[in-house]
Amino acid sequence: MTEINSVATFAPTSATTPPQAEFRHVETLRVRWAEVDAQGIVFNGHYLMYADTAVAGWWRALALPYPQAVLGLGIDLYVRKATLEYEAAARCDERLTVGMRCGHIGRSSMRFATRMRRGTQTLVRGELVYVCANPATMQSQPVPAALRAVIEAFEAGESMLMLRTGAPADLASAALAVCAGCSDAVAADGLPAMQVVAFNRLDQPVAAGCLRPVGHRAERTPDTWRIDSLLTLPVLRGAGHGSKVLQALLQTAREKRATAVIAEVPEAALSLFLRAGFWADSTRGVVRSDAWAGSTPMQIQP
């Protein structure tokens with residue numbers, strides 16, 4: 001592989017600069033008992049695990065399912081060098097933030113800067129250098145132009161998703177690529193349903209949801225619409241992509257002049273809907289009523 005010589009670069013920041021101002025992606029974690037050594041502090045090697053966890057979250061923030069997305073480009077990424085500088089120690093049960101940023105992309109390498117903090121105090125600074133290589137031959141390869149463009153756009157603060165709204169028949173294959181369970185949502189049943197699919201910058205579908213009328217009658221516009229099968233690729237869950245699809249579904253409901261939107265959701269997704277203004281209903285799952293389009297705040301009901 002190509003020899004790499006690089007020096008870590010960090011944006012000039014003060015000790016009180018919040019992580020979000022320096023890094024677009026910030027991972028939050030809590031120190032576990034098993035990560036503390038006999039000195040009562042986090043064992044030095046575990047900070048590399050923290051950095052690796054933040055890299056995984058960075059890929060999720062890019063809406064790129066790793067490793068499928070890069071393998072589809074004919075490459076994979078391998079660590080060439082990892083450097084950490086320790087300034088202070090973390091202890092059991094403390095909450096840490098781990099900022100991760102791709103600061104430089106060379107011909108066949110990518111250089112990441114990381115900073116781990118407890119509150120505003122820097123504990124560890126680091127640099128990770130990855131080499132782009134053919135996974136079959138392990139020979140270095142140029143960073144694909146498409147991947148380079150996605151990373152540069154992300155670090156520049158641009159959106160990683162493109163939302164498409166249309167009839168289920170038009171977006172069925174994309175929705176099914178997110179989850180086979182979407183087949184229930186896109187199957188024609190005579191109702192004029194609407195589908196929203198989120199695509200990443202490689203034009204890969206990563207999240208989908210379906211909106212259909214309840215009690216539709218041909219002679220009038222339905223008042224109530226139901227959200228079906230709001231799904232995100234498992235590897236990308238927790239990065240906010242499903243929330244963007246949900247907001248697009250609600251915007252579509254507004255355009256349809258709905259007075260209420262209902263959904264049946266698993267417990268794991270309940271918080272997503274509650275944050276969007278829904279409340280629990282013992283008979284209909286979660287509901288967002290006619291007040292949802294105005295300024296009246298939604299109340300969570302038992």
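Visitor: How do the residues in the lining of the second largest pocket divide into nonpolar, polar and charged?

Guide: In this predicted model, six residues of the lining of the second largest pocket are nonpolar, five are polar and five are charged.

Visitor: Which residues lie nearest the centre of the second largest pocket, and which elements each supply at least two residues of its lining?

Guide: Of the 16 lining residues, those nearest the centre are His25, Arg60, Ala61, Ala239 and His241. Strand S1 (25-30), helix H2 (46-61) and helix H7 each supply at least two residues of that lining.

Visitor: What volume does the largest pocket have, and which element gives the most to its lining?

Guide: The largest pocket has a volume of about 560 Å³, and among the 25 residues that line it, Leu230, Leu231, Thr232, Ala269 and Leu272 are the closest to its centre. Strand S9 gives the most to this lining, with seven residues, while S9 (224-232), H7 (241-255) and H8 (270-275) are each the source of at least two. By class, the lining of the largest pocket holds twelve nonpolar, eight polar and five charged residues.

Visitor: How many salt bridges does the structure hold, and with which residue does glutamate 27 form one?

Guide: Side chains of opposite charge can pair when their charged atoms come close. The structure holds 13 salt bridges, and in one of them glutamate 27 pairs with arginine 60, with the closest N and O atoms 3.7 Å apart. This pair links distant parts of the chain, since glutamate 27 belongs to strand S1 and arginine 60 to helix H2, 33 residues apart.

Visitor: Is glutamate 27 buried or exposed?

Guide: Glutamate 27 has a relative accessible area of 14%, so it counts as buried, given that buried means under 20%.

Visitor: Which parts does the pair of glutamate 87 and arginine 125 tie together?

Guide: In this salt bridge the closest N and O atoms are 2.5 Å apart. Glutamate 87 lies in the loop between strands S2 and S3, and arginine 125 in strand S5, so the pair ties together parts 38 residues apart in sequence. Glutamate 87 is partly exposed, at 45%, and arginine 125 is also partly exposed, at 24%.

Visitor: Which residues are linked in a network of salt bridges?

Guide: Glu22, Arg115 and Arg117 are linked in such a network.

Key: Residues numbered from 1 in each chain as written. Predicted model: local features only at pLDDT ≥ 70, side-chain atom pairs only at ≥ 80, totals over all residues. Heavy atoms only, no water. 1 Å grid on protein atoms, 1.4 Å probe; cavity = no way out; pocket = protein on both sides within 12 Å on 5 of 7 lines; lining within 4 Å. Points joined across faces, edges and corners; volume = space filled by probe spheres on them. Helix = DSSP H or I, 4+ residues; strand = E, 2+ residues; numbered from the N terminus. Nonpolar A, V, L, I, M, F, W, Y, C, P; charged D, E, K, R; others polar. Salt bridge = Lys/Arg side-chain N within 4 Å of Asp/Glu carboxyl O. Buried < 20%, exposed > 50% of the residue type's maximum accessible area, 1.4 Å probe, protein only.
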